[in-house]
Amino acid sequence: MRPDEALPALKRPGGAASSGTASLGPASGGAVGGAFIDGLNRVTRAPWLVIGVWLSTVLLALPLAVLLQQQIRTHLGASMAAQSAAEGVNFDWWNEFLAQTSGVGTSFVPAILGFAAVLENLSTFADVRSLPTVIAIAAAMQVLMSLFLAGGLLDRLARDRAIGAAAFCSACGVYFGRFVRLGIIAGAVYWVLFSTFHGWLFDDLYPSLIAEVTVERTAFFIRLGLYFVFALPVLFFNVLFDYAKVRAVVEDRRSMIGAIVAGWRFMRRQPIAVWALYKLNVFLFLLVLGGYYLLAPGAASPNAIAFGMGQLYIVLRVIVRLQFAASQIALFQGRLAHAGYVARPTPRWPDSPAAEALLK
Amino acid sequence: MLSVLLHTTARPSAQDAGPDRRVASYDIDVSLDPATRTLTGKELITWRNPGQIAAYSFRLHLFWNAFRNTNSTWLKQRRLIGDTPFANRPADDFGYTNVTRIARVHDDGSETDLTKALQFASPDDQNTDDRSLAAAFLQDAVQPGQVLRLRVEWTGRFPKNFDRTGAIGNYFFVSQWFPKLGAFGSGGWMAHQFFANSEFFADFGFYDVRMTVPRGWIVGATGVEQSRTDNGNGTTTHRYTQGDVHDFAWTTSPDFIDLRQDYEAPGGAPVTIRLLIQPEHRHLADRHFAAAAAALKYFGEWYGRYPYPALTIVDPVFQSDSGGMEYPTLFTAGTRWLSPRHSNDPEYVVLHEAGHQWWYGMVANNEVQHAWLDEGLTEYSDSRLQFVAFQPNYLVQRFFGDFIPWQYRDIPLQRATDTNYLNTFRRNPDRDSLSVPTAGLWPATHQNISYHKAALMLHTLERMHTWEVMQRVLSVFFTRFKFQHPTPDDFFAVLNEVTGQDHAFFIEQVYRSSNTFDYAIERVVSEPIEARGLMESPNGLTFQEPQVEGQFRTSVTVRRLAAGQFPVDVLVTFRNGEQARQQWDGRGRWAVLEFDRPVEAVSAQIDPERHLLLDTNNTNNSRTLEPRGDAAATKWSLRWMVWLQDLLMNAAFFV
């Protein structure tokens, strides 16, 4: 019997798999809605994860923000232009700064304002626009940091109990190497999607499709269709790699190719549940975006409020990101995982001479 | 055959001009074959020598030959900046004008064939591959005041939707389409090849044009429709006429929505505003009409009334590349399907192209040599009108393939800096000077110079003299040179005359040189006035320690950081609110200005009213002793940080 065909049978405390299923059964995690709610509960029960991931974005962004702050301060000097820049938008000064700046300063454009920032960033991915080098490096660092944290995050969410900083870091360390291997595969896939496939869709196919189009609306809907076509494989692989990570952690898998195959098997056997859950999570993401659209601070908002609102939005995005993982774990655990269900070989006793010595 | 006389027959001419100004008139029959994108035409050109010397030859523009092959001067000039628009185009996308027959028509009706005498000319760059200008010698010279008649037959193929000319789908925009004479002046022919930067130059005349297109297609053209004839073979011929214009453009498509509104200025004749709009832009029709009416009203009041009976706005189709171009009594606008209110799209382009009816249409400068004169005056005018009648005008940016607009309600665009395009200009302010002939401007910066620098120069003049004075300058310039071909010298002469000032220094600095301007406050120091040393006393010279006199001396060090020179004011504000002002001639590289007051200064500004809009670095124009740079920098870096965190979260999505 292949692991995927095993039914949940035994539940006992122990590894990530068993502890995760201890608090839920097929009735909660097995149902899509149940997995969604369970995922949210797991995230809310793990506030330090939220804080930690949020802090990771702060840690990456803050040094660059300080760099930008110095550039702006230097440019403004003791100029009276700072007065209006401090109180609202001094667009003339802003343009002058942009005309003279370099490095991180080149990314300080009007699109950072309020909800435009969200559109700008989504558009950057959808249209695969290049980023200033320093920003691209920051994004790469974020990917690396996320790879490192992923093991700890998933382990904590799978166990659904406090594990302590040491265990969290241990899990991060245990899975980092595996997720780097997975990341290489994922990176290659995404590279093909974002360069070759996107290039073919939007640099070759799109221009040829609209070559004779004389109605802008038609061209827009063609582009929208191509975004959809582009999103399909991106989301498919995103979900595949998500479940590969889930299975790697829940089942303590070491082979990442095996984890991908196992993730695919789960998706293939539970397509409705997997995609229904994904849609629910996307809906949650859109809710967060909608909220920020309504509440995003204007340029003249007091600094504390504007910064607070911005950070609240980032925290909500972190929660949504963790919710994707937590609900996927809950779904997997609810549908397949059980205590005896691990991918690694059954350990043979003694584990090590040290362990043997301890038992003597 | 059905012939319909339309109601507008009665008003074919401009009201302020007359036959004496009609130098080159055209009587044209042309038919369009949409399937092959070709025109077949015959024209009778009637030209009266307006100069003081005899014409021994004539020059004929064949503009569509600029798109004949990649050796044309037009495309070679584009290639200078790495732009190769025809590099991968199929054969059908290239365009051409082929003169199949040309003959001189004598008074008795006989004709002398000149087809073999017609030769391509390249007087500007000696590019023998260029076919955009042709010339032929005449056996009998045309003496001043005499008339030359030429009968020309030609075929032309539209380039594929390219640079304001061409066709896409069922949309045909037909401009620079007929063999057209150059202008003739006191020095002879003023005819140039077609350059990527330059636009056009021709003499005024009367146009009577019959355009045959598929039945049911809507036609818009320069002038007024006089008749419409169903030919019984699936085609219809539309006849348009217009006097006192120097060009004729037309468009046809079955898809236009044809809308009209009448505008009547107080004391003026009514003008029919005709809007040929795309169905997807139907919801923006009112905004087109409002902008056109504002242009007729305000430009009419400011400069002089619009004398033609019709003004046609063509809304081009998506990807036609024909938007934003002016022709007599007709222009192309251009807008977007999603166009938020309070962002001047389409208003801006309507105001700009309507403005060209004054600057280009009636005051017809040589655009090959001095395009800034019409482009600068028009940009200056539309910018002012946006400020007067279309506020607020918020910044809009588009996302997702440049489709989805986002309006920044925090950023209302300002006339001085935004709609004059200072922000574009400051990135390349010194590539050329305004006095360089337009055709010879570096292609990438032509717009920066001819449009933006010129508009900034004119707005600087307005700030020097007030709008009322500037309006009078432009009004006199318009009145004096309406239906003529003025030069920049004519403009500057009117400027000097109306203001009563000699602007030679200004012209030298701003117009003739490519100098940039950058004035700065380098240092502001307020210190108690102290003196120590050997002082006069009843005992003779005695040494005295510092004595505070209850006064502060504020020293302001000002600098000229760029080559451009301009007289500027320096304004100092003191702690008690008092202000003091001194003028600096701005010619030295630096100066120290001193102000003695009972209190310290809090700030100093150079050019505080920002008269010199060409100063590309305004941030260094002021200095305060209570700076807020830290607060601003912290605020904006924290806002930026949220953007970056959001971006990082997007990146984390893939892990």
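1. The contact takes 74 residues from chain A and 62 residues from chain B, where two residues touch if their C-beta atoms, placed from the backbone, lie within 7 Å. On the chain A side, α4 (47-76), α5 (81-87), α6 (91-100), α7 (116-126), α8 (133-159), α9 (164-210), α10 (216-250) and α13 (303-335) each put in at least two residues. Helices here are DSSP runs of H or I with at least four residues, strands are runs of E with at least two, and both are numbered from the N terminus.

2. Before going on: this is a predicted model, with local features needing pLDDT of at least 70 and side-chain atom pairs counting only at pLDDT 80 or more, while totals for chains, interfaces and linings use all residues. Residues are numbered from 1 along each chain as its sequence is written, and chains are lettered from A and ligands numbered from 1 in the order in which they are written.

3. Back to the side of chain A that touches chain B: by class it has 45 nonpolar, 18 polar and 11 charged residues. Nonpolar covers Ala, Val, Leu, Ile, Met, Phe, Trp, Tyr, Cys and Pro; charged covers Asp, Glu, Lys and Arg; the others, Gly among them, are polar.

4. Have a look at α9(A).

5. The buried residues of α9(A) include A:F168, A:Y175, A:R178 and A:F179 (buried: 20 or more other C-beta atoms within 10 Å of the residue's own, C-beta atoms being placed from the backbone). Among what covers them are α8, α10 and α11 (256-269) of chain A.

6. Chain B has an open antiparallel sheet of 4 strands, β10-β11-β19-β16; strands pair if DSSP finds at least two bridges between them. β10 (166-168) and β16 (218-221) are at the edges with a single partner strand each, so one side of each lacks a neighbour in the sheet. Inside the sheet, β11 (171-174) and β19 (250-253) of chain B pair over 3 bridges, with B:V174 bridged to B:W250.

7. Another open sheet of 4 strands in chain B runs β7-β8-β4-β12, again antiparallel. Its edge strands are β7 (119-120) and β12 (180-181). β4 (55-61) pairs with β12(B) over 2 bridges, and B:L60 stands opposite B:L181.

Notes:
Buried ≥ 20, exposed ≤ 12 C-beta atoms within 10 Å, placed from the backbone.
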